[in-house]
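Open the model in your viewer and keep the selection tool handy.

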Amino acid sequence: MTPQPARPLEIAYDECKQILAQQPKLFLYGLIFTSCLVWIAIRVVARPKKHSTSRPNSPDPEKPTSKRGNAFKAPDRAPGEWRPVDFTRPAAAPYPNWDVHTAEPIPYRPFRHGPYHITMGLRTMQWDEWIELDNHYLRFHRDKKRRIEERGDKCCRTAPEAYDGAVELLEELCSYLPQRYPSVFRSTPTGIHNLLTDETFDITTRPLPEDPMATAGRLIQDDLAIMFEKPDGQYYLLAGAILLAGFWRLSDKFGMPLSEIHTSGDVPGFKTKLEKGMVNFFRRVQPGQPVLRNNYFIQVDDNLAWSHSIGSEDPVDHGGEGKAAEGWSSAEKNKAIEHHYFRSERQSLRRLPRSGGVVFTIRTYFEPIRKVAEEVGVSGRLASAVRSWGDDVARYKGRERYGEVLLEFLDGKHREQVEKGLMGEDGQGEGRYPF
C-alpha cells in the first residue's frame with residue numbers, strides 16, 4: 001500500500017513538537033506573541049462606539065435630505081410658486097407653573113471657547129417653545145407700543161403681495177398664545193384678548209384696523225420678519241415688525257433679497273461660508289420642521305430699541321454729502337464696564353403652510369455684563385470667545401471700541417471664580433451651550 005504524503009497540518013504539528021522539544025522558551029514566546037495579536041484584533045473589532053457628549057447635529061441645510069425625512073428635501077415647484085400645504089401646528093401645551101410676573105428670562109449664553117466658527121447654528125425647535133414670554137413682558141410691550149406710535153411704517157410694514165402671509169402669521173399667534181399662556185391670553189370669536197393689558201384685537205374685520213405685522217408685534221416680545229420667494233428664486237423681506245432690533249432698521253432692509261440684506265450689513269463670512277447653505281435652507285424648509293438659532297453682541301449703552309452709541313437711528317443729510325454715517329466707528333472707546341451690556345437673540349424660523357412665507361421671530365435678551373459675568377464659568381468662556389473672533393467678526397461686532405475694558409473685567413471675574421473653587425482653570429463646571 002503506497003504511503004500517503006503527510007498533510008500540511010500534520011507537518012506543522014511535527015515541526016511544533018520538534019521546536020518545543022529543542023527550544024521550549026522560543027516556542028513559549030511565540031505562543032504568547034500570537035495570543036497578544038489575536039487579543040488586540042478582537043478588541044479593535046469589538047470596540048464600542050463612543051457616545052458624543054456634544055449637542056445633536058443641526059439639520060444640514062446643504063443636503064437634499066436629512067435624518068428627519070423630507071424636512072429639507074428640494075421642493076418640486078417652480079421658483080416663486082407655492083401650493084398651500086395641509087399642515088396644522090400641533091396644539092401647544094400650557095407652560096407649566098408659568099407666571100408673567102415671576103418667570104425669569106431664559107439665560108441664553110450662545111458662545112463657546114475659541115476658536116470661533118461662522119455657521120448658521122441651527123437646531124430643532126419643539127412646537128410648544130415657539131414663543132418665549134417672561135417677566136419683562138410689560139416693558140417690551142410699552143416700548144413696542146411707543147415705537148409703533150412714533151415711527152409707524154419705519155418699524156412695521158407689509159407689502160401688498162405679502163398681506164395674506166402677514167395675516168396668516170397673526171392668526172397663528174392668536175391660536176398659539178392662548179394655548180401656551182392661558183393666564184395672559186384668551187381666544188375670542190373674532191381674535192384674541194390680552195388679559196394683562198386689557199387689549200382686544202379683532203383679526204376678522206377687513207380691512208384690519210392696522211398693519212397685521214404691527215398687531216402681531218404688540219402681542220409678543222419678539223420682533224418679526226417674513227421672507228417670500230419671488231420668481232427669481234430669491235427670498236425677499238416683504239413683511240416686518242422690527243421694533244427692538246438695536247443695530248438695524250426695517251426701513252433700510254425692506255424689500256431686499258436675503259443675500260443683499262446680509263451683504264449690505266457686512267455680515268462676516270456670508271459669501272464664503274453662509275450664503276449657499278442659507279439659500280438652500282430657505283428653498284427646502286417645510287412647514288412641519290421649525291428650527292432655532294442664537295447669536296450675541298456686546299452693546300455699550302442701555303437702550304434696548306436702538307443702540308444710540310453707534311449713532312442716530314435717523315441720520316440726516318449734510319449738504320448733499322449723504323446720510324451721516326452710523327456704526328461702531330461712532331462709538332466712544334473704552335467706556336466703563338457699567339455701560340457694557342450683553343445682547344443675545346433667540347431666532348426661530350418656520351414656513352407658513354398657506355402662504356409659504358418663512359417667518360423669523362427674533363427675541364432679544366438684554367442684560368448688564370456685570371450681571372452675566374457673575375454666573376459660574378461664563379466670564380472665562382465669553383472672554384475666550386471674544387478673543388477668538390477673526391478680524392472681520394471683531395470689526396462687525398465692534399470689539400476695538402470696548403474690547404480692552406471688557407476683557408480685563410472678564411479675566412478678573414474668571415480668576416475670582418477659579419480662586420474660590422467654583423470651577424477649574426480649564427473651564428470645568430461650565431454650563432451647557434447655549435445656556
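Start with the open sheet of 3 strands in the order 3-4-5, where the pairing is antiparallel. Two strands count as paired if DSSP finds at least two bridges between them, while helices (H or I, at least four residues) and strands (E, at least two) are DSSP runs, numbered from the N terminus. Select 185-188 and 199-202 to see the edge strands, strand 3 and strand 5, each of which pairs on one side only. From one strand to the next, the twist averages 20 degrees; axes here are lines fitted to C-alpha atoms, for helices over the stretch in contact, and angles run from 0 to 180 degrees between N-to-C directions.

Before moving on, a word on the model. It is predicted, so local features need pLDDT of at least 70 and side-chain atom pairs count only at pLDDT 80 or more, whereas totals for chains, interfaces and linings use all residues. Residues are numbered from 1 along each chain as its sequence is written, and side-chain values use heavy atoms, with hydrogens and water left out.

Show Ser 187 and you will find Ile 192 of strand 4 standing opposite. Next select residues 163-180: this is helix 4, lying across strand 3 and strand 4 and running at about 130 degrees to strand 3.

Buried means under 20% relative accessible area, with exposed over 50% and partly exposed in between (1.4 Å probe, protein chains only). Asp 223, Ala 225, Met 227 and Glu 229 lie on one side, and Leu 224, Ile 226 and Phe 228 on the other.

Strand 6 has two partners to display. Residues 358-368 form strand 10, joined to strand 6 by 5 bridges in an antiparallel arrangement; there, Thr 361 is opposite Leu 224. Residues 235-241 form strand 7, also antiparallel to strand 6, with 6 bridges, and Tyr 235 is the bridge partner of Glu 229. In the hairpin of strand 6 and strand 7, look at Gly 233, which takes a positive phi near 85 degrees.

Finally, zoom out: the protein chain has 12 helices and 10 strands, and 47% of its 435 residues count as buried.

Conventions:
Contact means heavy atoms within 4.5 Å.
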